[in-house]
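Have the structure open as you read.

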Amino acid sequence: MNRLQNKNQNSNKKRIAFIQSCWHKNIVDQARDSFQQELKNLNDYHIDFYELPGAFELPLKAKQLAQSEKYSGIVAAGFVVDGGIYRHDFVANAVVSALMQVQLEVQVPVFSVVLTPHNFQETKEHIEFFSQHFIEKGNEAAHAVQNTLCLELRIAS
C-alpha cells in the first residue's frame, strides 16, 4: 500500500496540514481562508490548521507533520517583511529553501505561500494590497494541492 493509500484508507478525505506564521496574522489569514474555501469547492479534503510565531518556525513544523505520515500534503504560509533591519531576505530564503528540503527528504509535498514583499508599510493601501494577494495565493495553493495529489495517485496506480 502506498503512502497516499495508507493515509486515507479509513476515509475518502485527503488530509492536509496548513501551517502559518502569526506575524501579520490578519494578512496571512487571508491565504488560510481562501485556501480552505477553494479546497472545499474542489474536492473532499480534511484540513488541520496550525499556527506558529513566525515564518522561521515553519520548516521544522512542516517536517514534523510530514514525518507523522498523517498528511498527504503540507501548506506553509507566512509573510516575511523588511522590519528596517536587513535580514528579511535571509529569513525568507532560509524558510523557502528549508521547506523544499523537507519535501525532498520526507517525500510529502510541501506547498509554499511564504511571501516577501520588496516594500511593505503598515498603511491601509499596503495591507489591502497584500491581503488580496494572499487571497490569490491561497486559491493557487489549493489548486496546486489538488493537482499534485491527483498526479501522485495516478503515478501510484
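## Starting at Ala17

Leaving aside residues up to four places away in sequence, Ala17 touches Asp48, Tyr50, Leu65, Tyr71, Gly73, Ile74 and Val75. Keep in mind that this is a predicted model. Ala17 sits in strand E1, and with a relative accessibility of 0% it counts as buried.

Ala62 itself belongs to the buried set of helix H3, which we'll come back to below.

## The overall layout

Zooming out, the protein has 5 helices and 4 strands. Of its 157 residues, 43% count as buried.

Take the contacts with a separation of 6 or more: 78% of them are between residues 24 or more positions apart.

## The sheet

The 4 strands make an open sheet in the order E2-E1-E3-E4, and the pairing is parallel. Strands E2 (45-52) and E4 (110-115) are at the edges, each pairing on one side only. On average, neighbouring strands are turned by 15° against each other, direction ignored.

Now for the pairs. E1 (residues 14-21) and E3 (residues 73-79) run parallel and share 5 bridges, and here Ile16 is opposite Gly73 of E3. E3 and E4 also pair in the parallel sense, over 6 bridges, with Gly78 standing opposite Val114 in E4.

Ser21 is another E1 residue, and at 1% relative accessibility it counts as buried. What does Ser21 touch, not counting residues up to four places away in sequence? The list is Val28, Leu52, Pro53, Gly54, Ala55, Leu58, Ala77, Gly78 and Phe79. Two of these turn up elsewhere in this report: Gly78 is the residue opposite Val114, and Leu58 is one of the buried residues of H3.

His24 is in the loop between E1 and H2. Its phi is positive, near 55°, in a residue other than glycine. His24 is also buried, with a relative accessible area of 17%.

Helix H2 (residues 25-42) lies across E1, E2, E3 and E4, and runs at about 170° to E1. Helix H5 (residues 124-156) lies across E1, E2, E3 and E4 as well, running at about 170° to E4.

H2 and H5 also meet each other: their axes come within 7 Å and cross at roughly 35°. That crossing is right-handed. On the H2 side the contact is made by Asn26, Ile27, Val28, Gln30, Ala31, Ser34, Phe35, Glu38, Leu39 and Leu42. H5 brings Ile127, Phe130, Ser131, Phe134, Ile135, Gly138, Asn139, Ala141, Ala142, His143, Val145 and Gln146. Sorted by class, that contact has 13 nonpolar, 8 polar and 1 charged residues.

## H3 and what comes after it

Back to helix H3 (residues 58-67), whose buried residues are Leu58, Pro59, Ala62, Leu65 and Ala66. Why do they line one face of the helix? Looking down the axis of H3, the buried residues fall within an arc of 130°, so they share one face.

Glu69 follows H3 and lies in the loop leading on to E3. Its phi is positive, about 60°, although it is not a glycine. Is Glu69 buried or exposed? Exposed: its relative accessible area is 53%.

Ser97 is placed in helix H4 (residues 88-106). With a relative accessible area of 41%, Ser97 is partly exposed. The C-alpha atoms of Ser97 and Pro59 are separated by 8.9 Å, and the two residues are 38 apart along the chain. Pro59 is one of the buried residues of H3.

Notes
Residues numbered from 1 in each chain as written. Predicted model: local features only at pLDDT ≥ 70, side-chain atom pairs only at ≥ 80, totals over all residues. Heavy atoms only, no water. Pairing = 2+ DSSP bridges. Helix = DSSP H or I, 4+ residues; strand = E, 2+ residues; numbered from the N terminus. Axes fitted to C-alpha atoms, helices over the stretch in contact; angles between N-to-C directions. Contact = heavy atoms within 4.5 Å. Left-handed = near helix turned anticlockwise from the far one by under 90°. Nonpolar A, V, L, I, M, F, W, Y, C, P; charged D, E, K, R; others polar. Buried < 20%, exposed > 50% of the residue type's maximum accessible area, 1.4 Å probe, protein only. Arc of directions from axis to C-beta.
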